[in-house]
Amino acid sequence: MEEKRVKIRLCRFTESFYPYPGGISVHVTQLSRKINSQMEKQIILTPLLSPLHSNNKSFDFEVRYIEHIIKRGRLFKSILYFFTDLPSLIKTIKRESITLIHAHSWRPGLVATVAGRLTSTPVVWTVHGMGPHRLRQDIDPEMIMSKHRKICPFHFLPYFMECANTRQKLRLLFLTAPLIKLFQPDRIFAVQDGTSTDVLLSLITKREKVVRVYHGISIPDKEYLIELRGRAKKNIEQRLGKSFILITTSRFVIDKGLEYAILTLRTLRERYQMQNAVLIMIGHGRMEGELRAMAKSYGLAQSVIFTGALSKSEVEEYLSIADVYLGTGIYGNRNNATMEAMAYGVPAVIFYNRWDEYPEGSVISVSARDYEAMAAAVHSLYINDDKRKRIVFSAISLLKKQNSWKKRIKTEIDEYLALLEEKKAQK
């Protein structure tokens, strides 16, 4: 039965979208696809980051790419947003009679807020992974929230500095926080990804504007998993034989801690004599050369497999035959990559972060950067099939409870409608 559409003409403004790889792109693309059947109209407006060839998957909504090249560096990116994307966004709002703008990440959000104010259109942001501003592990967030009404607007700063270097502290204090304070939208969906984004935003915006949401995760059924494993056996497994497969799916950047995945593999092979252990690293990024050199220096060049960026179906094939997922993110592992692996029945061993909020038993957590403890946890799964099954069962239960798309879409639509009612009442 076709879902009932609500009278919302939505323009979604994002800095990355399919087929551009990466967490934000995946998140926005999946959300757009899932919610579209309930929108009167949905248009995706995004910079031209990667060509949308005719043989790529098409959508039942419109995707408009803005013809410009994004320079390296956030300053140039922000300048281009204002001088090219702002006019395009305003033009789209007027031409398509847009009733709501939804921006993804705070830099596109600034442009969306300006466009919204110029056209009297309500604006929503989705924000997650705001750099290294993870809350200290020994802090109760309610204690910080109680200080919200203090005179000093940046009293929260010390509580977010455990993971930040000087440059990051200055950027938060003199750029990110003031800009969000000045250009704050009507609503902010703060995705729970372990970086305390909702607490930070609640302290620099009006708290009632911030809405907690979780990544939506699709869980494949048994028949599809069997089909995937059949394809994987044909396409991949013949090359790997009877290997015990560790897997990571991440951009190759410094905050992802991928060097610890390689160190974990070395420990497994040397200390635990797991000579059949291999590490598959799916993704790309500026650290790839360094990671390849590291694997070679440890004599692991044949055991660390770099696949490059892959399509969703190719990633699914690897996940269907993987034995353990390694979550090595330094600032949190409650992300799409980790939870998608969990959805495909891969037990996850991750670096601990209190704000990831994984219930006990759904993952194995070890201290951040402790690759020896990570190796020990992997070995415990290697020798105990029952333990692996228990973790997978608990993980799937968690995803069904907190990360269902049905729950995420309902939250978003309810907030859209409430916001439009508020704006209507103000007129």
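Residues are numbered from 1 along each chain as its sequence is written, and side-chain values use heavy atoms, with hydrogens and water left out. Because the model is predicted, local features need pLDDT of at least 70 and side-chain atom pairs count only at pLDDT 80 or more, while totals for chains, interfaces and linings use all residues.

The largest nonpolar core has 45 residues. A nonpolar core is here a set of buried Ala, Val, Leu, Ile, Met, Phe, Trp, Tyr and Cys residues joined through side-chain atoms within 4.5 Å; buried means under 20% relative accessible area, exposed over 50%, and partly exposed in between (1.4 Å probe, protein chains only). Leu89, Trp125, Phe156, Phe160 and Leu201 have the most contacts inside this core. Helix H3 (residues 106–119) gives the most to the core, with six residues. Helices (H or I, at least four residues) and strands (E, at least two) are DSSP runs, numbered from the N terminus. A second, separate core of 36 residues includes Leu268, Ala295, Ala377 and Ile391. In soluble globular proteins, nonpolar side chains tend to be buried together.

Leaving aside residues up to four places away in sequence, Phe160 touches Pro132, His133, Arg134, Leu135, Ser196, Val199, Leu200 and Leu203, where contact means heavy atoms within 4.5 Å. Val199, Leu200 and Leu203 are among the buried residues of H6. Eight of the eight residues of helix H6 (residues 197–204) are buried, so H6 is largely enclosed by the rest of the structure. The elements covering the buried residues of H6 include strands E5 (123–127), E6 (187–191) and E7 (210–213), as well as helices H4 (141–145) and H5 (166–183).

Helices H1 (residues 23–35) and H14 (residues 405–426) pack at an angle of about 75°, with their axes 11 Å apart. Axes are lines fitted to C-alpha atoms, for helices over the stretch in contact, and angles run from 0 to 180 degrees between N-to-C directions. H1 is therefore roughly perpendicular to H14 (65 to 115 degrees; under 35 is roughly parallel, over 145 roughly antiparallel and the rest oblique). H1 contributes His27, Gln30, Leu31, Lys34 and Ile35 to the contact, and H14 contributes Trp405, Arg408, Ile409, Glu412, Ile413 and Tyr416.

The structure holds 21 salt bridges, each being a side-chain nitrogen of Lys or Arg within 4 Å of a carboxyl oxygen of Asp or Glu. Arg9 pairs with Glu40, with the closest N and O atoms 3.2 Å apart. Arg9 lies in strand E1 (residues 6–14) and Glu40 in strand E2 (residues 39–47), so this pair ties together parts that are 31 residues apart in sequence. Arg9 also forms a salt bridge with Glu96, at 3.8 Å between the closest N and O atoms. Glu96 lies in the loop between helix H2 (74–95) and strand E4 (100–104), so its pairing with Arg9 in E1 ties together parts that are 87 residues apart in sequence. Glu96 is buried, at 15% relative accessible area, whereas Glu40 is partly exposed at 40%. Arg9, Glu40, Lys41, Glu62, Arg64 and Glu96 are linked in a network of salt bridges.

Ser97 lies in the loop between H2 and E4, and Ser120 in the loop between H3 and E5.
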